[in-house]
Amino acid sequence: MTNAGSSTTRTQARTPAQPPVFSVRNLWKVFGPKAGRVPADEKLAALSPEELRERTGCTVAVRDVSFDVRPGECFVVMGLSGSGKSTLVRCLTRLIEPTSGTIAIDGEDVCGMDKGALRSLRRHRAAMVFQHFGLLPHRSVLDNVAYGLEIQGVARAERRAKAAEMVEKVGLAGLEGRRPGQLSGGQQQRVGLARALAADPEVLLFDEPFSALDPLIRREMQDEVVRLNRDEGRTMVFITHDLGEALRVGDRIALMRAGRVVQCGTPEEIVGSPADDYVRDFVRDVPREQVLTVRRAMRPVGGLHETETGAALAPATTVADAIEAVARTGTPARVVDQGRCLGIVDFQGLLNVVAGLDGTQQEPGPEPGPEPGPETRLEKAAA
Amino acid sequence: MSTATTAATATAPRRPRLSPAARRVLLVAAAMAAVAPFAAAHWGSGMWPGALTVHLDGPLGRVNDWIIDNRDSHWLFLYFFGHISNAVVGAVRAVYVVLLALGWAGVTAGASLLAWRLAGVRAAVTALASFAVCGLLGMWVPTMRTLALMVVAVAVSVAVGALLGLAAGLSDRTFRALRPVLDTMQALPAFAYLLPVVLVFGIGVAPAVLATVVYAAPPMARLTALGLRGTDKGVLEAVTSLGTTPRQRLLTARLPLARRELLLGVNQSIMMALSMAVIASVIGADGLGDRVYQALSTVDVGAALAAGVPIVLLAITLDRTTSGLGQEGHNRTRTRATAEWATAAAATAAAAWAAHGKTWPHGLTVHIESATNRAKDWLVDHLSHGIPGIGGTADWAAHYTGWVLDPLRTALQSTPWWAAPFVVAALAWAIGTWRTALTSAVSLALIGVLGRWEPAMDTLSQVLAAVAVTLVLGIAIAVAAARSRRVERVLRPVLDVFQTMPQFVYLIPVVALFGVGRAPAAAAAVVYALPAVVRIVSQGLRQADPAALESARSLGATGGQQLRQVQFPLARAELLLAVNQAVVLVLSVVIIGGLVGGGALGYEVVFGLAQGDLATGLTAGTAIACLGLMLDRVTQPTKAPAHKEDA
Amino acid sequence: MTFRRKTAVATAALGLLTVAVTGCGAADMTRQASPYANAAGAKTVTLSVQSWVGARANEAVAQYLLEHELGYRVDTVQVDEIPAWDALSQGRVDAILEDWGHPDQEKRYVRDKKTVTDGGELGVTGHIGWWVPKYFADAHPDVLDWKNLNRYASQLRTAESGGKGQLLGGSPSYVTNDKALVKNLNLDYQVVFAGSEAAQITQIKQFAKDRKPFLTYWYEPQWLFNEVPMVEVKLPEHTDACAEKGAADPSTVDCAYPTTPLRKYLNAQFAQKGGKAAALLRNFRWSKADQNEVAQLMAEDRLSADEAAKRWVKRHPDVWKAWLP
């Protein structure tokens, strides 16, 4: 679980000043007759899903969702089935037409795009990887990977060369001639990934890409995604129902319930400072020491002597690692960032984190309250 | 949903323990009780009252006369139908000339190589043997004519069917509009299609081709639409997410993914076309069907067999070749495939050249006619009477007619006319929806309005009796097949062959065995419908959930108990489908049975064709269509889960 | 919107294409030969075959002579009597060799449309009536008068006829007044249609084999008489008044069938341009005995049409030599 730590590092390394890749504001998706009236009417919008179904026959999949996806980050949308996360990701490229709200990619309005512009968006800027792969069974691996280029009108030789490169990259070299039916699930998803990568898109959208795979394969694939994110700096939107997966790959996580985002923040914030009981319930079984960092466990420097002694730890060090360090030396450790001592971690602080008693004393955690505006949440996450 | 259903649903909780089906039957019974006294008082209770019929003979006869008088002068014929007719005839002629130019060697070699490339070595051997036998039996020229007609008819059917299917596959509205039409067309007997085209085009090859197209295009359209609509949603979404245009989606994803359905559609179109091309001999299609027709009209079983065998072989060859489409050659490289096609073409050309494009050599024929006739005479002499204990075929035929058909016909014909539509509606609604109930009741009433009540009840009695026999035999055989692998292994190829046979062929042996009348028509119908029933039922029994069977066995159920209490209930859907298929197939043959003394509606169509009295024929044809529609809908279990909610 | 426009453009293009292909011309489907005619360089004559064996005998001999003496190729198509007139008019069939009298059709095609020409008499006279087997007539001579038929109804009962006596009806392609006769003469009989002549013959032979009585619609010349001797039942005499009444309303007929001299008809164009074939068919004229001889060879001795014709041709050169142009 070291990746979670390193991803935090990644986020912090980037300047938050860059404009977001995707900017979603007040997005609604309502299924059913005359869906448009639901978001428009405050009374209807305030109804619970059951009441709404009773009254209008409509189902709300996405309810007033806002967030930004920053360049280079892996933004995870997590929720149980039926929470609206898959609908949400499809709205981003209008595979599902949103009911209301705005979506912008690099500041450009997606909802206002005509068919041609939308196709161009799908072809060049955002590629998607699907849970059930969506491969063409009558084509070879190579032709599947080259498919995206083919429909763009890229010449045969060129697209095959590019596809071969992608196949190699996802580790399927030698299987180019096979058909999807002759591959294992993991291999098929690699083909899906290669197909998405072939067009060299700005953003990769993943819709529960690994939930159909065996645990071991899933882990391999997750590493692959993390590698892609870190090495190539690709922006990603990653949908999952698996909290472990979200914590592994995500720089930030938006947790959805019944169409709403109930909390949005770094893995550490989600685990360390659950916004409400639902989230708390959700993260209960997460090994906190592997997600939370020493920032959460440290106390202010008590005296000057403390700045001199003990092991020096980076602020992004996980509590688990810190425990090891403190146990080995037998003395409290210092949290040092760029030569400055930020605080001290001792047994007491570390144990508090592991025991989950740290929640109240932490200040950067978001106040558990009803629906903080996206703006404030984002600021907090960025802090 | 209608208000009627809502009412039934609303009152449901108050009624104690009535199944939805029973509730509906009660509802219909109530409606009938309301109408009956009035109807009976006004028009009596016998057959459909004359006051409620419409006589179309006059107007239809005038239309017929007008068409004949204006066929060479009116613009509709000169600029529209005329071109269609000429194009069809021109195309058939072109294909026929090519076939003749290829000669027997060229055609045989070409067909075998084509079969080899499309479906592998076994199909090639089948094709080779089949064409050789056609030649040997002295049927080369008729075979080529049927083939020429088939090539044109199938090409047009597939094109038309694919276009319709495409429209229905891409547009929901078209699909909703087209689907009931296609379903209905599939349930209609081939005979009903003949008259309208004869009315417009007269007798000849052009109307035969057109009737064939009308008959053979629906399965293609249906399967194309289903194939396109059945595209894996995930794949389609993935392809869309990559930025495809709708056209790209169609060409690179939907069509290739529907490949299986498309090929099945082509196969079905071909088999339907062959069946119709043979029947269309009644309207001047020439070819093999004409030989059978000529032979049947002189009860020359030998000659009929000599023409029937090539039809059977043609059917097997076409089926094997097209159902094997795409089974082989998947992994071959493009260049190799091209090379093989080139070789095949070259070999065909070489064979054609070597044989100088001759039709089958005269010396190389075998005459089976007289031998067959002697065998048939012997059979009739020895089997028709006096086999100790079980009587003979003629006795069976007499008993079947006297003890089964006659009482049933009397019963049907003496059912009060106003009760029949209600009975039908109740039956249809019990297993279907109010829509099917309404359609079937209206269809039946329409028969009465057309004034064909009496012959329709006659036909109906023949259908019901034959369906009963078919189901009893079919289910018995299916149970045997489902319980024993060996029986199934023996049965399978037999069923395969029987299922591809054109209906016409079945008339030949039954005339030999059962003579003439309603009994042979019933026998032919039973034999024709049996394979489908056996196949569907045995499949249903086999597919019964093994876990349920195992648990039944673990509780100590006997074989019979398992069958009755687990397999049959679980195979309910298949059993209903089997009944539906049996009804549709039996009807189609009972109608053709008019050619061998089946009488009733089928006879009226034959009569209409023979006398050029298209008014009679068309009325009977419409009545047949109504009967077909009614029978299909009555036995059609609904697929919509609409009434699950009120259960 | 764009889709609509595209559809419109496509429809227009298709329309133009159709017009271009068809050359804006009229296509008369009433002058359209069989697609199989004259293929591969052969001169073809298409004959209509009728289902009864007498007609087949004509056709067999004509075919044999056309093929072996004049070098034509002969196609035969089975068409029933009345549709055959239409087919003849359209040129899908070149000749009918035995017509039993269809005044309506004759008026329409020969006199009005002039697409069919009279090909002269066949030389055979046809007669239709009701017949009983000779063994039955011998045992019960009074059955031969229609007035006594009701007395025998019970003996003629079958499974198909229900409670009444069975009158075996003719093939659907023949002109029959049987139902009207039964009704108008108050006969206790049910007309049972065999569906085809072949079916009827089978039935008759079966009855004869079992020496059972039967009453049937039948006609002569017919070879079956040689095998199953039958005697005609006298019906009320055929009169012109009765015939006129019947022409107006077929359901009022109450008299016997007429006696018809059989005729040949040719397609008008074929009659003009058919050369030797048309001439041969026009000259074709033979006797009842000749026709029965060939018919018997075919139907009873089970010879192929070709073989039967060959034998007759060998035996009677005096007859057919005169037909050759």
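C:Arg211 counts as exposed, because its relative accessibility is 57% and the cut-off for exposed is over 50%. In this predicted model, C:Arg211 also has a positive phi of about 55 degrees, although it is not a glycine. Most residues other than glycine have a negative phi.

- Is C:Asn186 buried or exposed? C:Asn186 counts as exposed because its relative accessibility is 61%, and exposed means over 50%.

**Where chain B meets chain A**

- Chain B brings 19 residues to this contact, and chain A brings 20 residues.
- The two chains bury about 1,700 Å² between them, and carbon and sulfur atoms give 60% of this area.
- B:Glu237, B:Ser241 and B:Leu242 together supply 35% of the area that chain B buries against chain A, which is more than any other three residues supply.
- The size of an interface is often given as the accessible area lost when the parts come together.
- How many salt bridges are found across the interface of chain B and chain A? The rule finds 1 salt bridge there.
- B:Glu237 forms a salt bridge with A:Arg90, and the closest N and O atoms of the pair are 2.2 Å apart.
- The interface of chain B and chain A also has 6 residue pairs in polar contact, with both residues at pLDDT 80 or more.
- On the side of chain B that touches chain A, helix H10 (233-241) and helix H11 (246-257) of chain B each supply at least two residues.
- H10(B) gives the largest share of that side of chain B, with 7 residues.
- Sorted by class, the side of chain B that touches chain A holds 8 nonpolar, 10 polar and 1 charged residues.

**The two domains of chain C**

- Chain C is divided into domain 1, covering 39-125 + 261-321, and domain 2, covering 126-259.
- Taken over C-alpha atoms, the centres of these domains of chain C are 28 Å apart.
- Domain 1 of chain C puts 18 residues into the contact, and domain 2 of chain C puts in 16 residues.
- About 1,400 Å² is buried between domain 1 and domain 2 of chain C, with 56% of it from carbon and sulfur atoms.
- Between these domains of chain C the count is 1 salt bridge.
- C:Lys288 forms a salt bridge with C:Glu220, with the closest N and O atoms 3.6 Å apart.
- Strand E4 (116-133), strand E9 (259-267) and helix H12 (288-299) of chain C are the elements that give two or more residues to the side of domain 1 that touches domain 2.
- H12(C) gives the most to that side of domain 1 of chain C, with 6 residues.
- By class, that side of domain 1 of chain C has 8 nonpolar, 6 polar and 4 charged residues.

**The two domains of chain B**

- In chain B, the domain assignment gives domain 1 (72-360) and domain 2 (454-639).
- The centres of these domains of chain B, taken over C-alpha atoms, are separated by 25 Å.
- The contact takes 40 residues from domain 1 of chain B and 33 residues from domain 2 of chain B.
- Domain 1 and domain 2 of chain B bury about 2,900 Å² between them, and 83% of it is on carbon and sulfur atoms.
- How many salt bridges are counted between domain 1 of chain B and domain 2 of chain B? The count is 0 salt bridges.

Technical notes:
Residues numbered from 1 in each chain as written. Chains lettered and ligands numbered in written order. Predicted model: local features only at pLDDT ≥ 70, side-chain atom pairs only at ≥ 80, totals over all residues. Heavy atoms only, no water. Buried < 20%, exposed > 50% of the residue type's maximum accessible area, 1.4 Å probe, protein only. Contact = heavy atoms within 4.5 Å. Buried area = accessible area lost by both parts, 1.4 Å probe. Salt bridge = Lys/Arg side-chain N within 4 Å of Asp/Glu carboxyl O. Polar contact = N/O pair within 3.5 Å; in protein donor to acceptor, adjacent residues only side chain to side chain. Helix = DSSP H or I, 4+ residues; strand = E, 2+ residues; numbered from the N terminus. Nonpolar A, V, L, I, M, F, W, Y, C, P; charged D, E, K, R; others polar. Domains from an automatic or database assignment.
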